[in-house]
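Biologist: Can you show me the model and talk me through it?

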Amino acid sequence: MKVNAVLWFRAKDATQVVTTVQHWQAAVIQAAETAMRVAIGQSDLDQMLKERLLINQRLQDMLARACDHWGVVVDSIEMKDLDIPEQMQRAIGREAEAIREKRARIIKAEGEQEAAQKLAEAAGIIGGTEGALELRRLQTLAEIGGEHNSTIITMMPVELLQAAKKFAEK
């Protein structure tokens, strides 16, 4: 990943700057590059995109500690651009798609679970009420007949099926 940043610094104590480090401006820039590598290495990509201000503050603190004994004051450092390689962008896209697919599957599974619970409750109510199953069958027959199709349905009362089953067992 390529990171572009802007750094504002100045000499606080000219005597200290001249006597402490030979090329103080180059030294400050090198210290900034090192601090940026450390800050980026401690952060994942999502964190860098979301918490840029926090990372900028962390960078400034690291750099201020490094440059203070040289007599240099770091006024500010800001990451401006993050250039993400195309391969990494594709990987991020695949990860986002996988997360969306996972959420969709979870939502679908939760819906199926709720439907199963409602069906179980309805079956309990219908099974516990005499004649309710027969009324449900008639309602289903009316719904099918209202669609103007040529399907023929023959329905038998449950009692008739139970009687036939008892007769077959004897």
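Modeller: We go from overall shape to single residues. This is a predicted model, where local features need pLDDT of at least 70, side-chain atom pairs count only at pLDDT 80 or more, and totals for chains, interfaces and linings use all residues. Residues are numbered from 1 along each chain as its sequence is written, and side-chain values use heavy atoms, with hydrogens and water left out.

Biologist: How many helices and strands does the protein have?

Modeller: The protein has 7 helices and 2 strands. These are DSSP runs numbered from the N terminus: helices are H or I with at least four residues, strands are E with at least two. Along the sequence the order is β-α-α-α-α-β-α-α-α.

Biologist: Is the protein spread out or compact?

Modeller: Spread out: its radius of gyration is 37 Å, well over the 15 Å that the globule rule gives for 170 residues, so the protein is more spread out than a compact globule. That radius is taken over C-alpha atoms, and the rule is 2.2 Å times the number of residues to the power 0.38. The C-alpha trace spans about 110 × 35 × 30 Å along its principal axes.

Biologist: What share of the residues count as buried?

Modeller: Of the 170 residues, 19% do. Buried means under 20% relative accessible area, exposed means over 50%, and partly exposed is in between (1.4 Å probe, protein chains only).

Biologist: Take helix α2. Which of its residues are buried?

Modeller: Ala27, Val28, Ala31, Ala32, Ala35, Met36 and Ala39. They pack against β1, α4 and β2. Helix α2 covers residues 24-41 and reaches 25 Å from its first C-alpha to its last, close to the 26 Å expected at 1.5 Å a residue. The expected span is 1.5 Å times one less than the number of residues.

Biologist: And Asn56, buried or exposed?

Modeller: Asn56 is buried, with a relative accessible area of 8%. It is found in helix α4. Leaving out residues up to four places away in sequence, Asn56 touches Ile77, Glu78 and Met79. A contact means heavy atoms within 4.5 Å.

Biologist: New topic. How many salt bridges are there?

Modeller: A search of the whole structure finds 5. A salt bridge is a side-chain nitrogen of Lys or Arg within 4 Å of a carboxyl oxygen of Asp or Glu. One of them joins Asp75 and Arg10, at 3.3 Å from N to O. Asp75 lies in strand β2 (residues 72-83) and Arg10 in strand β1 (residues 2-11), so the pair ties together parts that are 65 residues apart in sequence.

Biologist: What does Lys12 pair with?

Modeller: Lys12 forms a salt bridge with Asp68, with the closest N and O atoms 3.1 Å apart. Lys12 is in the loop between β1 and α1, and Asp68 is in helix α4, 56 residues apart. Lys12 is partly exposed at 48%, and so is Asp68 at 40%.

Biologist: Where do Arg105 and Glu101 lie?

Modeller: Both lie in helix α5, 4 residues apart, about one turn of the helix. Arg105 is exposed at 58%, while Glu101 is partly exposed at 39%.

Biologist: Which residues make the nonpolar surface patch?

Modeller: Met1, Met88 and Ile92, and the patch is about 230 Å². Ile92 sits in helix α5 (residues 86-128). Patch residues have over 30% relative accessible area and no salt bridge; like charges are joined within 9 Å, and nonpolar side chains (Val, Leu, Ile, Met, Phe, Trp, Tyr) within 5 Å. Areas come from the Shrake-Rupley method with a 1.4 Å probe; for residues, only the protein chains shown count as cover.
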